[in-house]
Amino acid sequence: MSRCPKPVALARGDEAALEHADTCEDCQTALARVRMAEDTFGLIRDMPAPETSDSRAEATLRWTRPHLALASTRRLGFAFAGLALAGAAVTLFVVMRTHWSKKAVAPVVVEKVTPPTPIVVPQPTMKAVVTLLGGEVELSDRRPLGTETLLGEGDALKAARNGFVAAQWAEGSGFLLRGTAQTDAALTLSELKPRAQRLDLARGRVDVRVGGHSLVPVAAVATPGHLIRVRGTWFAVWASGLTTTVEVYEGTVEVSDRSGGTTTLLSAPSRGVFIASGHALPAKSRVTTLAARDAVAARAHSELNILPVAPADAARAFADQLFAGSGVLAVDVDGAAQVAIDGVELGTAPLGLRKDVGRHLVEVSRHGYLPLRRWVTIGPTPGSIREPLIKAPIEAPPSEPPALSAIEAVVKERRQHIRACYERSLKRDPQLAGTVTLQLKLDAHGRVANSSIDGSTLGNEDVSTCLRREAAGWVFADGRNATIVYPFVFRPQ
Amino acid sequence: METPSGKLRVLSLPSGPTTEELDLIARCREGDRTALGEFYSRFRPDVARNIQRVLGPGRGDLEDVLQDVFIEAFRSLTRFRGDAKLSTWLYRVCVNVALQRLRKVRRLAEVDDERLADGVSEQTPERGLDAQRRVKVIYRILDQLSPKKRIVFILHEIEGREPKEIAGIVGAPVLTVRTRLHYARKEFYRLAAAEPGLDGKRAPGEVSA
């Protein structure tokens, strides 16, 4: 029997190939699959246009107009420059002629024209409703802060470490300010108008979502170094001195250096780290695309508790509409428990939150405790969950650490990567040598659950960090719940 | 119009934009809000369909890509020379944005069955399910092709465009397009012939909705 033809020959309808397929079972299967694929092309061709939202159209048009206006201004600018050049040439010609002919010329009087004062139309300001509150958060004027509080223009918020507060100012639009484990966060609502919102973030992190409602052409976050403008989107900003980190989860944002330097467009899913120019150092930036898995995790972490709002009633303020359709719930259980509502993790207990009226599933989880699941009905009267968490049955005692040979086998397998950690730093410091002792805590499956540095004579933070990152993926099959301490000796060859 | 051979033949294609389109472009360039809205609503279904064909149905980022296409189109409208039909030019923008997207994220979101079901229709639910599954398999194969090969394959095999036209869209010489197409076909059909998901019955391990 002759050799089987390539599938593309079957797709082409090559006679010899088809003849071969008549007698060859494998080729018959291949031919059937090729035909099925070709049939499917027809289905793809006939697929109707997918539905798209009008809000995105609004957002696109909103951002296009100033851009086009800028382009035409540039064109106009070139035309003016041309005219000015021609004018200068004529003046020069006249001056030269006058000079040569030595005739007196009447002085030219230039009248000073005062530019007209721009007319500023005052815009009404909006109020933002607090929808989530946990940890220590305080308002600038020491007003008490709760899920009933209305935030207005000029209000400044300070979230202590691990404190968080979310607020919503319009349909689908709001922010979540949070202090991290390392630093607190400070934000001022500098502008809160239907047509312009500006949040000034002095430090810490703020997550922002801007809905597609047509009344919001410009929302912006300003950090000490940068200005981040929004195009119908969802993003997070961290500020630390002149360094600004921006992660975009949906849509596009525009990041510009406040000292008037460069402007960068960031499209989802991506992360940009921007260092503004200052202290005689030039501005720097690095933009990376977020991997799909990281993007999903980052979005889950950036949950703003945005509430749905009933169809807009123009006569009522947004805050009133939101109050009418929602209620509050306080979750007050033992500290450090994670609270999730309807499957979405919102933060650490104790916390207060606002949710739309109806039944919601509240889940509270804490390591070492049995999870607590409660259905609650949120209505006009405030609800609360105050229950102690029950300790989980004690887990299996830690087993003996795996044999040295088993540890060495895992280390040997990853030797190249460990060596790479060291060699990277060795390039900068050719004398770098010493011992780094790594402590690895294994979980019930023998995976590394936690790694720490037990001691280092190397004195190089980069190598230690790289080692810990590398060790995070290791698995020791016979070392369940055990702790391993292993020294790595590094010296140049 | 029926020709003696019984097939409809297009003897000459209209080249360049119509007067109406020229007027629309001129107004858009001035930043006229109504014109921009008109442009958007007129071409939105076509652009959305094209993006869906190139990237695959049921993607979560379709709206983002659509927005990028229009932002790019509005931005480069000032550079539109008028040597092609407006829809062809927009198609070119569309393909370029999709290509960038493919390069950036090979597969951002897995195909979402619920969204997919909206796009693919067959008479009975059973057949509809089969059709959805087949479309999903085709895009799974296309995901394994490089973005450049994928684009020419879709334009030729699915949309039935000639290499010369494709060359105009992707901005490459005809010979390059033919080469890419040759390798794309070879690779696609090799993968398709080895794909059990294209057998008449349901793929193993697949759970019905």
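I began with strand S19 (residues 358–365) of chain A, which is joined to S20(A) by seven bridges, the two running antiparallel. This is a predicted model, so I kept to its limits: local features need pLDDT of at least 70, side-chain atom pairs count only at pLDDT 80 or more, and totals for chains, interfaces and linings use all residues. Residues are numbered from 1 along each chain as its sequence is written, chains are lettered from A and ligands numbered from 1 in the order written, and side-chain values use heavy atoms, without hydrogens and water.

**Sheet in chain A**

My strands (E, at least two residues) and helices (H or I, at least four) are DSSP runs numbered from the N terminus. I count two strands as paired if DSSP finds at least two bridges between them. I then followed the open sheet and read the order S17-S16-S19-S20 for its four strands, with antiparallel pairing. Its edges are strand S17 (344–348) and strand S20 (372–378) of chain A, each pairing on one side only. From one strand to the next the twist averages 30 degrees (axes are lines fitted to C-alpha atoms, for helices over the stretch in contact; angles run from 0 to 180 degrees between N-to-C directions).

**Rings**

I paired rings of Phe, Tyr and Trp (its six-membered ring) when their centres lie within 6.5 Å; planes under 30 degrees apart are stacked, over 60 edge-to-face, the rest tilted. By this rule I get 15 aromatic pairs over all chains. One of them is Phe41(A) with Phe188(B), a tilted pair at 5.7 Å centre to centre and 50 degrees between the planes. That pair crosses between chains, from helix H3 (residues 25–45) of chain A to helix H9 (residues 174–193) of chain B. For burial I used under 20% relative accessible area as buried, over 50% as exposed and partly exposed in between, with a 1.4 Å probe and protein chains only. Phe41(A) has 3% relative accessibility, so I log it as buried. Phe188(B) has 0% and is therefore buried too.

Arg209(A) lies over the face of Trp234(A), 4.0 Å from the ring centre. Arg161(B) has its charged end over the ring of Tyr91(B), at 4.3 Å from the centre.

**Helix H3 of chain B**

I find 12 of the 15 residues of H3(B) buried, among them Phe70(B) and Phe74(B).

**Backbone exceptions in chain A**

Most residues other than glycine have a negative phi, and most peptide bonds are trans. I listed what departs from that.

- Ala268(A) and Pro269(A) are joined by a cis peptide bond, omega about -5 degrees; Pro269(A) lies in the loop between strand S12 (263–267) and strand S13 (270–275).
- Ala349(A) to Pro350(A) is cis, with omega near 0 degrees; Pro350(A) is in the loop between S17 and strand S18 (351–356).
- Asn162(A) has a positive phi, near 65 degrees, in the loop between strand S4 (156–159) and strand S5 (164–170).
- Asp342(A) has a positive phi of about 50 degrees, in the loop between strand S16 (338–341) and S17. Its relative accessible area is 38%, so I log Asp342(A) as partly exposed.

Key: Lys NZ or Arg CZ within 6 Å of the ring centre and 35° of its normal.
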